[in-house]
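Try each task before you read its solution.

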Amino acid sequence: MRSRYNQIDEFIRGYGEQNYFTQAVYALFDRDGIIHLGTYGGAGEEAQFDLASLTKLFTTTLILKLVEEERLSLMDCLNKHLIIPASCPKLMECFRQITVFELLTHTSGLLAWYPFYSRETGFYESLEDILSLPLKKGSVVYSDINYILLGKLAEEILHLPLEQAMEEKVRGPLGIEKLCYCPPGPNELKRAVISSYDNCIEEEMCRERGITFLGFRKHGQPICGEANDGNCWYYMKGISGHAGLFSDIQGVCTLGRFYLNAGDGIFADAQKEGALGRGVGFELGELYPEGCGHTGFTGTSLYISRQYGIGGALLTNRLTGQVGGRAPDLKELRKEYHRMVRGLR
């Protein structure tokens, strides 16, 4: 077994040496705990990474806890729980048509992304303005907006800020030591890993849409302890349902083990196909052999196989790397890493 762990170590190191990232922490785990942990580039196992869209799995867990507590149903339409301003009639109509399940499976028909930070209006007012009806249902459109709404849904139901809701329903009950929005103190900031040096990718996304925003971070400025995601950081003060959480490798593995150990019920069902090739909150497909998982824009990922009782977490800062003059694509790395993890059983 040791030689197989060594192969994984060499595999990750090889990608690091090709400048796919400057730092990485990774771990393999089963239902009982972490069975192998490795690091690259000087990052220690206590290093805290910007989880980016891995935040969505924690938000999924928060929402499923509320379903388990019968505070809402997956089939509830959004208008049952979200209070929409009277000045947003299109949004009111839209929310009568979208269920919690559709947000979790990215089948709501809402658009994939919009830079809300480019406007000076509130979230609902901005969404009303950019909303296109009728909704384009019948396919999967991976959308940050779905998870922004799920975060707001949790706040409305619990009458708590999202940060506190995440603390009371996810971090505390799961026993995750390091999980927070915007690492608050000097010790946490010392452990935070640089995620990138600008928001040049989002700048280009805005240019492509003819949208102007003058508040982007300066190029070359290390982003460390701040959410890389623009909507999360510039518009939502670092706290959102779609991005913004920071954690170390132990925290991500603890979430993975929670799902590995889930008995029959909603948390186990979430890992199966729910709609159009997606789980409830989870991604399925070739990237996750005989299992499920999720990825994050900054270079993070989690893979779980309940069938084989094993999983793997990978935290990198790919936006600090460069391959072919641009930020590296980790798809092949992730696919092979997950295959190697699955091969241990």
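## Exercise 1: A buried lysine

Lys56 is buried, at 0% relative accessible area. This is a predicted model.

Solution: 
1. Now place both residues. Asp144 sits in helix H6, and Lys56 sits in helix H2 (residues 55-68). They are 88 residues apart, and the pair links distant parts of the chain.

## Exercise 2: A bridge across the sequence

Task: Asp30 and Arg345 form a salt bridge. Work out which parts of the chain this pair ties together.

Solution: 
1. Check the contact: the N to O distance is 3.2 Å.
2. Asp30 belongs to strand S1, while Arg345 lies in the segment after helix H13 (331-342). The pair therefore ties together parts that are 315 residues apart in sequence.
3. Compare the surroundings. Asp30 is buried at 12% relative accessible area. Arg345 is partly exposed at 43%.

## Exercise 3: Counting bridges

Task: State how many salt bridges the structure holds, and name the residues that salt bridges with shared partners join into one network.

Solution: 
1. The count is 17 salt bridges.
2. One of them joins Arg119 and Asp129, at 2.8 Å from N to O.
3. The network consists of Glu286, Lys331, Glu332 and Lys335.

## Exercise 4: Backbone exceptions

Task: Locate the residues Asn19 and His159, and find what their phi values are. Then look at the peptide bond from Leu133 to Pro134.

Solution: 
1. Start with the rule: most residues other than glycine have a negative phi, and most peptide bonds are trans.
2. Asn19 has a positive phi, near 70°. Asn19 lies in the loop between helix H1 (2-17) and strand S1 (24-30), and is partly exposed at 33% relative accessibility.
3. His159 also has a positive phi, near 55°. His159 is in the loop between H6 and helix H7 (162-174). His159 is exposed, at 69% relative accessible area.
4. The bond from Leu133 to Pro134 is cis, with omega near 0°. Pro134 is in the loop between helix H5 (123-130) and helix H6 (144-158).

Notes:
Residues are numbered from 1 along each chain as its sequence is written. This is a predicted model: local features need pLDDT of at least 70, side-chain atom pairs count only at pLDDT 80 or more; totals for chains, interfaces and linings use all residues. Side-chain values use heavy atoms; hydrogens and water are left out. Helices (H or I, at least four residues) and strands (E, at least two) are DSSP runs, numbered from the N terminus. Buried means under 20% relative accessible area, exposed over 50%, partly exposed in between (1.4 Å probe, protein chains only). A salt bridge is a side-chain nitrogen of Lys or Arg within 4 Å of a carboxyl oxygen of Asp or Glu.
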